[in-house]
Amino acid sequence: MNLNTPSNLERVLKAGHLAVTSECGPPRGSDLGIIEKKAQMIKDYVDAINITDNQTSVTRLCSLASCIKLRLMGLEAILQMVVRDRNRIALQSDILGAAAFDVNNILCLSGDHQKFGDNPQGQNVFDLDSMQLIQTVRRMRDEGKFLGGEEISRPPRMFVGAAANPFADPFEIRVPRLAKKIAAGAEFIQTQCIYNLDKFESWLKQARDRGLHEKAFILAGVTPFKSAGMAKYMKNRVPGMDVPDEVVKRMGGVPKEKQPEEGINICVETIQRLKGVEGVRGFHIMAIEWEERVPEIVERSGLYPRPAVS
């Protein structure tokens, strides 16, 4: 097994196991105990934990500090980094900060537009785009050099990931965009949450036709609904989301008190269907402020216990 980094996530994937990742949103304050509590709920059920980076452009405790907290707990962290808020100097500096604490995974993202957050008057940076960030991390790791060409003392050793949305319009550019991210150096992919399974499988077939499933590890994203209202909101208000009418109808067809269980059922069924699909190498479970249900999802999906790899 040829490993590029000390990443446990990379080790699990290259050993041929279906990987499981999940994520935690940092608090709107400086209490690291909140991250610790969330991580404790899921740590035995996942191979790595994403820490979101000011998701939806709302100011939160930074992903970097939260990842360091996970590392001090002995857990595997995935640093999420958006290019919306930092220029290339700050991006490279924060990558070094994460590497100093042996954060061995990074997910390179564009970031939601600031108009969606609590500081709509804020200025976007976008000195680099997400593909250039992927290239930057790979250069820092593989060549041991900054973008300016200078040598790095103790380069980062990060397993490099990117996001993919199989559902955004126009659909015909989704796979070419995935190919560009992989060509830029992305080694694993976490997708947008999947509710339209037929469309996802169509996207994945196109990716397989281009051999992309052999060039990067694709983790299918899932998010359990807590309520019919959440399903309607994600269908109608969240850009790039594809929630079929029948899924919304199914959530609304059960009593309100049973809707959380129905949301879990749909999530588990999605994982079970996709487990056997060629090109799916794992799952990214985004249980938004619902981390306590991740263990149940993993167990019911037949993904527990997690493999021990060395």
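Reader: How many salt bridges does the structure hold?

Author: There are 28 of them in this predicted model.

Reader: Let's take E10. Which residue does the side chain of E10 meet in a salt bridge?

Author: K14 is the partner, with an N to O distance of 2.8 Å.

Reader: How many residues apart are E10 and K14 in helix α1?

Author: They are 4 residues apart in α1, which covers residues 8-14, so about one helical turn separates them.

Reader: Is E10 buried or exposed?

Author: E10 is buried, because its relative accessibility is 0% and the cut-off for buried is under 20%. K14 has a relative accessible area of 29%, so K14 is partly exposed.

Reader: Next one. What does R28 form with D118?

Author: A salt bridge, and the closest N and O atoms are 2.3 Å apart.

Reader: Where do R28 and D118 lie?

Author: R28 is in the loop between β1 (19-24) and α2 (32-42), and D118 is in the loop between β4 (105-109) and α5 (130-143). The two parts are 90 residues apart in sequence, so this pair ties them together.

Reader: And is R28 buried or exposed?

Author: R28 is exposed, at 55% relative accessibility. D118 is partly exposed, at 31%.

Reader: What about R293, which residue does it form a salt bridge with?

Author: With E261, and the closest N and O atoms are 2.9 Å apart. This pair also links distant parts of the chain: R293 sits in the loop between β8 (280-285) and α11 (294-300), while E261 belongs to helix α10 (residues 259-274), 32 residues away.

Reader: Is R293 buried or exposed?

Author: R293 counts as buried at 14% relative accessibility. E261 is partly exposed, with a relative accessible area of 38%.

Reader: Which residues do salt bridges that share partners join into one network?

Author: R138, R141, D142 and E187.

Reader: Changing topic. Which residues are buried in helix α6?

Author: The helix runs over residues 174-184, and its buried residues are R174, V175, L178, A179, K181, I182 and A184.

Definitions and conventions
Residues are numbered from 1 along each chain as its sequence is written. This is a predicted model: local features need pLDDT of at least 70, side-chain atom pairs count only at pLDDT 80 or more; totals for chains, interfaces and linings use all residues. Side-chain values use heavy atoms; hydrogens and water are left out. A salt bridge is a side-chain nitrogen of Lys or Arg within 4 Å of a carboxyl oxygen of Asp or Glu. Buried means under 20% relative accessible area, exposed over 50%, partly exposed in between (1.4 Å probe, protein chains only).
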